[in-house]
Amino acid sequence: MLERIRIVLIGTSHPGNIGGTARAMHNMGLADLALVAPRCEVLTADSVSRASGADHLVHRARVVATLEEAVADCTLVVGASARSRTLPWPMISPRQLGERLPEELAAPEARIALVFGREDSGLSNAELQRCHAHVHIPANPDFSSLNLATAVQVLAYECRLAWLDQQQDDDALPPMGMAETAPPASHADLERYFEHLERTLITIGFHDPATPRQLMARLRRLMMRARPDSMEVNILRGILSATEKQAEAARRREG
């Protein structure tokens, strides 16, 4: 289970935080680290020193340009956030995240990404809207700013607890709701669906990009909450394709 949990750091500005994150991950048995557009050198004396023996994770960390690249194959994306700054989004605690892991990772194709933002500004609204849920660490409200590696350590610890519980209960019944054979939709599947949806809504005159009124953000929140599988996403895209064909046929008749 732990092998299919990815830690994603966006725009990290200090190499020591990358090393500290690697140490926190290795402490808890996580090994998949992705760095999105880091604002510092990744492999430095500081990052290796802060890794304290986990520098092999720094060496093999995947560096990509965008969040989409980092989580394309993931079926659950959770963003670490102190609050939702625009639309309210599903919010869970670190303990609730851990409790969800066995069911979320029951399918062999399933992958989970835990996404952390910049040291100075966290995750942007656009990045948060690409997450199925947000996780909030309930720190002291009078002093709630956590070091990046510390935040990773908290969530990695909850992941390890969930894994240990699963090891102790190998004979448990499979989680409810996992009888479907279709694998969960990946982040890339969903992003292609959202692009197709917006294009179709513009075509039929339902959506005006000049005055969006958060329509796409609200539809994105709805679909992220629904958690469709890959077959369901294909069905929805088939409906969109048929809608586009009907709209084109109507235009030809009018012309």
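Analyst: A crossing is called left-handed if the near helix is turned anticlockwise from the far one by less than a right angle, and right-handed if clockwise. Keep in mind that this is a predicted model.

User: Fine. In which hand does H8 pass H10?

Analyst: The crossing of H8 with H10 is left-handed. H10 covers residues 230-254, and the two axes come within 10 Å and cross at roughly 20°.

User: Why are H8 and H10 called roughly parallel?

Analyst: Angles under 35 degrees count as roughly parallel, and therefore H8 and H10 are roughly parallel to each other.

User: Which residues make the contact?

Analyst: From H8 there are Asp-189, Leu-190, Arg-192, Tyr-193, His-196, Leu-197, Arg-199, Thr-200 and Thr-203. H10 contributes Ser-230, Val-233, Leu-236, Arg-237, Leu-240, Ser-241, Thr-243, Glu-244, Ala-247 and Arg-251. By type, the contact of H8 with H10 has seven nonpolar, six polar and six charged residues.

User: Now H1 and H7. At what angle do they pack?

Analyst: H1, residues 15-28, packs on H7, residues 148-167, at about 15°, and their axes are 9 Å apart. H1 and H7 are therefore roughly parallel to each other. Here the crossing is right-handed.

User: And which residues are in that contact?

Analyst: On the H1 side they are Asn-17, Gly-20, Thr-21, Ala-24, Met-25, Asn-27 and Met-28. On the H7 side they are Leu-148, Ala-149, Val-152, Gln-153, Ala-156, Tyr-157 and Arg-160. The contact of H1 with H7 divides into eight nonpolar residues, five polar and one charged.

User: Let's zoom out. How many helices and strands does the chain have?

Analyst: The protein chain has ten helices and seven strands. Its C-alpha trace spans about 70 × 45 × 35 Å along the principal axes.

User: What does the radius of gyration say?

Analyst: The protein chain has a radius of gyration of 20 Å; a compact globule with 255 residues would be near 18 Å, so the value agrees with that.

User: What share of the residues is buried?

Analyst: Buried residues are 43% of the 255 in the protein chain. As for contacts, among those with a separation of 6 or more, 85% are between residues 24 or more positions apart.

User: What is Leu-35 in contact with, leaving aside neighbours within four places in sequence?

Analyst: With those neighbours set aside, Leu-35 is in contact with Leu-9, Ile-18, Val-42, Ala-61, Arg-62, Val-63 and Val-64. As for Met-223, 188 residues away along the chain, its C-alpha is separated from that of Leu-35 by 26 Å.

Notes: Residues are numbered from 1 along each chain as its sequence is written. This is a predicted model: local features need pLDDT of at least 70, side-chain atom pairs count only at pLDDT 80 or more; totals for chains, interfaces and linings use all residues. Side-chain values use heavy atoms; hydrogens and water are left out. Axes are lines fitted to C-alpha atoms, for helices over the stretch in contact, and angles run from 0 to 180 degrees between N-to-C directions. Helices (H or I, at least four residues) and strands (E, at least two) are DSSP runs, numbered from the N terminus. Angles under 35 degrees count as roughly parallel, over 145 as roughly antiparallel, 65 to 115 as roughly perpendicular and the rest as oblique. Contact means heavy atoms within 4.5 Å. Ala, Val, Leu, Ile, Met, Phe, Trp, Tyr, Cys and Pro count as nonpolar, Asp, Glu, Lys and Arg as charged, and the others, Gly among them, as polar. The radius of gyration is taken over C-alpha atoms; the globule rule is 2.2 Å times the number of residues to the power 0.38. Buried means under 20% relative accessible area, exposed over 50%, partly exposed in between (1.4 Å probe, protein chains only).
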